[in-house]
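User: Can you walk me through this protein chain? Keep it short, please.
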Amino acid sequence: MPPRTRATTYARRRKRRLAAVTNDLTPAEWTALTAAWGGCAYCGANGIPLQKDCVLPVSRGGRYTATNVVPACRSCNASKCNDEVTGWMRRKRLDERAFLERWAVLLHAARAAASDAGDGDAGEGDAHGDDARDVDAGGDTPEVGAFPGAATLTDA
Ligand SMILES: [Zn+2]
């Protein structure tokens with residue numbers, strides 16, 4: 001049983017707050033994000049464990065989604081915490097402009113991929129609501145009847 005500290009209280013509140021919001025980042029999306037950034041999104045550190053950081057902090061309405069999460073090193077993640085990203089980067093003298101430009105490109109790609117999936121292509125993960133709809137649409141429609149010659153061929 002961990003001692004009751006401010007940190008554990010904060011962690012519990014954070015957990016409850018997260019449970020109440022939409023967090024649909026899938027493991028596949030996270031893998032793609034870490035590959036696309038190739039390191040910490042903020043300081044560029046690589047070869048170290050990366051953590052999921054919400055660009056718009058959860059406390060400010062951000063969510064753990066493919067369009068709001070970037071990989072961050074432990075140091076950046078802890079330092080940024082609930083700060084607004086651009087102000088924090090400026091204070092840390094990080095390359096805010098490079099980050100925003102790269103992020104914009106990735107967001108554009110993510111949205112393009114999302115709209116492709118919406119066209120009826122097979123989805124990648126079970127977490128997407130679209131997949132359920134696709135399964136219904138693809139249902140058990142009998143195909144044989146649409147092929148007049150099929151029955152004849154099997155009988156002969
Ligand atoms: Zn970093």
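Analyst: Buried residues make up 14% of the 156 residues in the protein chain. Buried means that 20 or more other C-beta atoms, placed from the backbone, lie within 10 Å of the residue's own. This is a predicted model, where local features need pLDDT of at least 70, side-chain atom pairs count only at pLDDT 80 or more, and totals for chains, interfaces and linings use all residues. Residues are numbered from 1 along each chain as its sequence is written.

User: How many helices and strands does the protein chain have?
Analyst: It has 7 helices and 2 strands. Both are DSSP runs, numbered from the N terminus: helices are H or I with at least four residues, strands E with at least two.

User: Which residues touch the most other members in the largest nonpolar core?
Analyst: Cys-40, Ala-41, Tyr-42, Val-70 and Ala-72, out of 17 residues. Such a core is a set of buried Ala, Val, Leu, Ile, Met, Phe, Trp, Tyr and Cys residues joined through C-beta atoms within 7 Å. Strand S2 (69–73) is one of the elements that supply at least two residues. S2 gives the largest share, 4 residues.

User: And what is Tyr-42 in contact with, leaving aside neighbours within four places in sequence?
Analyst: Ala-72, Cys-76, Met-89, Leu-94 and Phe-99. Contact means C-beta atoms, placed from the backbone, within 7 Å.

User: New topic. Where is confidence lowest, and where highest?
Analyst: Helix H6 (residues 129–138) is lowest, at a mean pLDDT of 41, and S2 is highest, at 97. pLDDT is the predictor's confidence in each residue, from 0 to 100. Over residues 120–156 it is below 50. Where pLDDT is low, the predicted coordinates should not be read in detail.

Conventions
Buried ≥ 20, exposed ≤ 12 C-beta atoms within 10 Å, placed from the backbone. Contact = placed C-beta atoms within 7 Å.
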